[in-house]
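Work through each solution one step at a time.

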Amino acid sequence: GKGPIGQDGRHEIWREDIYDHDNEPKVKRRDGSYASVEKLRGFLNYERNPEPYRAPLERIMDWEELNPVEDHERHHTKVEKKIQAARCMDCGTPFCQTHQGCPVNNLIPEWNNLVYNDQWQEAIDRLHATNNFPEFTGRVCPAPCEGSCVAGLVDSPVSIKHIEYSIVDEAWNNGWITPRIPATRTGMTVAVVGSGPAGLACADELNQAGHKVTVYERADRIGGLLMYGIPNMKLEKETVDRRVNLLREEGIDFVTNADIGVNVDVDELRANNDALVLCMGSTKPRDLPVPGRELKGVHFAMEFLTANQKRLLMTKDGTLESKWEKDHFITAEGKDVIVIGGGDTGTDCLGTSMRHRCKSVTNFELMPQPPMERASNNPWPQWPRVFGVDYGHAEVEAVFGKDPRVYSVMTKEFIGDEDGNVKALVTQDVEITEKGPKAIEGSEREWPADLVVLSMGFVSPESYVIDEIGLDMDQRNNIQAVYGDFRTNVEGVFAGGDCRRGQSLVVWAISEGRGAAEACDKYLQEKRDSSYETSDPGMMGGVNLSSLSPKM
């Protein structure tokens, strides 16, 4: 090959002689020369080379993660990781960690440099300083940091996401991530509702501040969409459990099957806790109100993905019952599947259908196909709105020989058979006008479909908890709480994550969870200080001192 990257998918290396195996090898540069890895001009000397996924035809045979494991031929070596870290320019103004880039302001140039210097243990400390769960974001984040990387202005950006995951993976493998038990306890209690990334990040921060935190989750397992919304091939569920178990060891209580306002009384919850933080997510899906919507075989993406994940977990635990499978499981096996809506969830539905062995799968998008390069109205450092091939698209192409996406179409109606099952749908082509998408008359087409999956995003949180507490909502039906303040209109109740900002990324959820925890902690400190001042001095502020002293 012409470039520095060899047949094995890594930068070519060369060693002086047979005895040179203890030292770091010389590495091929873009100009063809071999020299030791150096960072000074790394972005000029080396090519971007993130670790590739396993081959499509290999990975659709299982539900394991897309990323290659330790001894897989595609797994990157330590040398290759060092070369990738050397491409970081250590910019004067690192856009990757600004609001254009990383929502949790990860200290990206710092830990890139530590990886380059082989200081992996320091790297995980810097990574954990801003990000509670790098093993989640290192897998499922779309990496806005890479979209705003300065190297990406004229070349390919640094493979930040892969370096992030490598750091946290190294840390877990070496046992560097251990429970951090808070040294003192404040004697104050907080209830967090929802155990997705926002709820977990919030609970983690409040627990480290010394408060007693209980997390309530309405599903049967902790993790929210990390558990049931993101399929196993993107995020292995043992990775979620591992982190939740660590949080449990650090002193956080988790209650599953706890649905606030249904089987848990909100007033009781508020009476028994000093504060309440809502991180319930945006779980009301956008519907498609066209004729035939009620037909059997038309499902929301989350129904499809959740049922699949539950079946996988039950199979692993050996608790799968045929009655549950008959009543709840949605299979794509042998069916013509149509996924309506692009985006990450759409891709997840494609990948899941492929692993079910579907007969065909098509993906409808309302908008036209994005350009190959950035458009003039989408300059760096904005998120690049360009055509990309995600894992699901690649798998469909590998099996069926063509990309599943059909652009600029909207669904006009679903057609059913005599038993009320969907058998086809009718689309119209769409043109984008100033007033938005408009259907083109006479452009109807009919597509066979036995399973239709709606992955058109989410509109708002479900309102039953909001109504029960009497919270104000904004014009989008999200909980009204100012960003940075996170307080709702009800005393002692905070909101963070998608239920406050609307549907977004895992990394935004972590950012919001941290912010809500900070606001809540401030409120609790003020509450404690004022209780000291108002009560009988002999009582020491009405606080039982034994609960304030550190647990021996």
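**Exercise 1.** Work out whether strand β5 is enclosed or open, and find its partner.

*Solution.* Step 1: four of the five residues of β5 (residues 212-216) are buried, so this strand is largely enclosed by the rest of the structure. Buried means under 20% relative accessible area, exposed means over 50%, and partly exposed lies in between (1.4 Å probe, protein chains only). Strands are DSSP runs of E with at least two residues, helices are runs of H or I with at least four, and both are numbered from the N terminus.
Step 1: β5 runs parallel to strand β4 (residues 189-193), and five bridges join them; strands pair if DSSP finds at least two bridges between them.
Step 2: for T189, the bridge partner in β5 is K212.

A note on the model: it is predicted, local features need pLDDT of at least 70, side-chain atom pairs count only at pLDDT 80 or more, and totals for chains, interfaces and linings use all residues. Residues are numbered from 1 along each chain as its sequence is written, and side-chain values use heavy atoms, with hydrogens and water left out.

**Exercise 2.** Locate A449 and decide: buried or exposed?

*Solution.* Step 1: go to the loop between β16 (445-448) and β17 (451-454), which holds A449.
Step 1: with a relative accessible area of 0%, A449 is buried.
Step 2: now find K81, 368 residues away from A449 along the chain; 45 Å separates their C-alpha atoms.
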